[in-house]
Amino acid sequence: MTKRQFLQAMGGLAGMAYLPKSVAMASAKNVPTMTEFYKNLSHLAVSGHRGAWYMSPENSIASIQGCIDLGVEITEIDIRTLADGTPVIWHDSDTIRMTGLSKILNELSLKQYKALPLRDKMGGINQPITDHTPVTLEEMLDFCKGKNIYLRLDLKENADYNLSTLPSILRNMGMEDYVNIRKGIGNQKDLEKMKRLQDAYGCLMVPHFYFTPDRLEQTKSLISQTNTPVIAIRGKHNDIKQLHEMNPWLTDRNIKLETHTLPHFYIVVEHLGEQSASDSTNVWGACPEIKSFDDTTAPKDPNAVWG
């Protein structure tokens, strides 16, 4: 599948689409804010996950550069903290998968963290050690500043905990308008907390809804109160197809829609139980041949996943 075919295959989701880099990012010296990016978006936008992890170590500077080279506009990165509270770019609570060393991340000093070896790609015993080094949030923001990439910050620890350092880092580096943070929304209380966090962090908060057809009106009611240019949706594949009915409603409000290729964590075990996790027909009725609809499958066989 070509990039154009991939983008066309995804183009039916509520107007979320790819905007050519020359339009989406006018220049490295004049990058639109993330809110402006979403408001002006007119085609399918492609987002990376932990950077381009299949090209270099996940969450590394090289993986972000890989996204930029591919023309990817947004990438998610993971935020955790060290023993002294320094925010760093790391997914797991320990270091075994990406380094081969069994350490607890939030017990490490900055010096110990910077000395960690990084395995290639998604890590694991079959991946070699590379010359790349792990980075702090400040280093990542400094690298991305003025470049053709936006960041989604996945706070692996409680969002309130990160308030001690993260907002001031974003402000001091002038990057609060070029990142976003997702917040799960299931009810009015969640919505109120998201608004408080947005005031505290100063960056765009993306409300994240679990979609089912029977919750459509409730979801629309919550969305109406967000004043957001973008929402994120998770749900079963067959349910997501029914979002087409919501297209005019979202379009009238110039709200873009995000979805992703990670159903197993969010859907299979949570909603069908562990025994059903291997039964792709239960989850992906539209694509029953898919055995693993996830980050690993998507780049290897995008036609099977999205076609």
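Student: How many cavities of 30 Å³ or more does the structure hold, and what is the volume of the largest cavity?

Tutor: Rolling a probe the size of a water molecule over the atoms shows where empty space is left. In this predicted model, the structure holds 2 cavities of 30 Å³ or more. The volume of the largest cavity is about 70 Å³.

Student: Which class of residue contributes 7 members to the lining of the largest cavity?

Tutor: The lining is made by E58, N59, S60, I89, W90, M98, Y113, L118, T133, P134 and V135. Sorted by class, this lining has 1 charged and 3 polar residues. The class with 7 residues is nonpolar.

Student: Is N59 buried or exposed?

Tutor: N59 is among the residues that line the largest cavity, and its place is the loop between β1 (47-49) and α4 (61-70). Its phi is positive, about 60 degrees, although N59 is not a glycine. Buried means under 20% relative accessible area. With a relative accessible area of 3%, N59 is therefore buried.

Student: N254 also has a positive phi although it is not a glycine; what is its relative accessibility?

Tutor: N254 lies in the loop between α12 (247-252) and β8 (256-258), and its phi is about 50 degrees. N254 counts as partly exposed, its relative accessibility being 34%.

Student: Which residues of α4 are buried, and which residue just after α4 takes a positive phi?

Tutor: Within α4, the buried residues are S63, I64, G66, C67 and I68. Just after this helix, a positive phi of about 85 degrees is found at G71.

Student: Where is D78, and how many residues apart are D78 and its salt-bridge partner R50?

Tutor: D78 forms a salt bridge with R50, with the closest N and O atoms 3.9 Å apart. The pair links distant parts of the chain, since R50 is in the loop between β1 and α4 while D78 is in strand β2. D78 counts as buried at 0% relative accessibility, and R50 is buried with a relative accessible area of 10%.

Student: What is the N to O distance of the salt bridge between R152 and E258?

Tutor: R152 counts as buried at 7% relative accessibility, and E258 is buried with a relative accessible area of 5%. The side chains of R152 and E258 meet in a salt bridge, and the N to O distance is 2.6 Å.

Student: Are K156 and D154, which meet in a salt bridge, buried or partly exposed?

Tutor: The side chains of K156 and D154 meet with an N to O distance of 3.3 Å. K156 has a relative accessibility of 29%, and D154 has a relative accessible area of 27%. K156 therefore counts as partly exposed, and D154 likewise is partly exposed.

Student: How many salt bridges are found in the whole structure, and which residues are linked in a network of them?

Tutor: A search of the whole structure finds 10 salt bridges. The residues linked in a network of salt bridges are R50, E58, D78, D92, R97, D154 and K156.

Student: How far apart in space are the C-alpha atoms of I79 and D92?

Tutor: I79 is placed in strand β2 (residues 74-81) and counts as buried at 0% relative accessibility. I79 and D92 are 13 residues apart in sequence. From C-alpha to C-alpha, their separation in space is 9.6 Å.

Student: What distance separates the C-alpha atoms of L151 and E76?

Tutor: L151 lies in strand β4 and is buried, with a relative accessible area of 0%. L151 and E76 are 75 residues apart along the chain. Their C-alpha atoms are separated by 5.7 Å.

Key
Residues are numbered from 1 along each chain as its sequence is written. This is a predicted model: local features need pLDDT of at least 70, side-chain atom pairs count only at pLDDT 80 or more; totals for chains, interfaces and linings use all residues. Side-chain values use heavy atoms; hydrogens and water are left out. On a 1 Å grid over the protein atoms alone, a cavity is a set of points where a 1.4 Å probe fits but cannot get out, and a pocket is an open set with protein on both sides within 12 Å along at least five of seven lines; lining residues have an atom within 4 Å of a point. Grid points are joined across faces, edges and corners, and a volume is the space filled by probe spheres set on the points. Ala, Val, Leu, Ile, Met, Phe, Trp, Tyr, Cys and Pro count as nonpolar, Asp, Glu, Lys and Arg as charged, and the others, Gly among them, as polar. Helices (H or I, at least four residues) and strands (E, at least two) are DSSP runs, numbered from the N terminus. Buried means under 20% relative accessible area, exposed over 50%, partly exposed in between (1.4 Å probe, protein chains only). A salt bridge is a side-chain nitrogen of Lys or Arg within 4 Å of a carboxyl oxygen of Asp or Glu.
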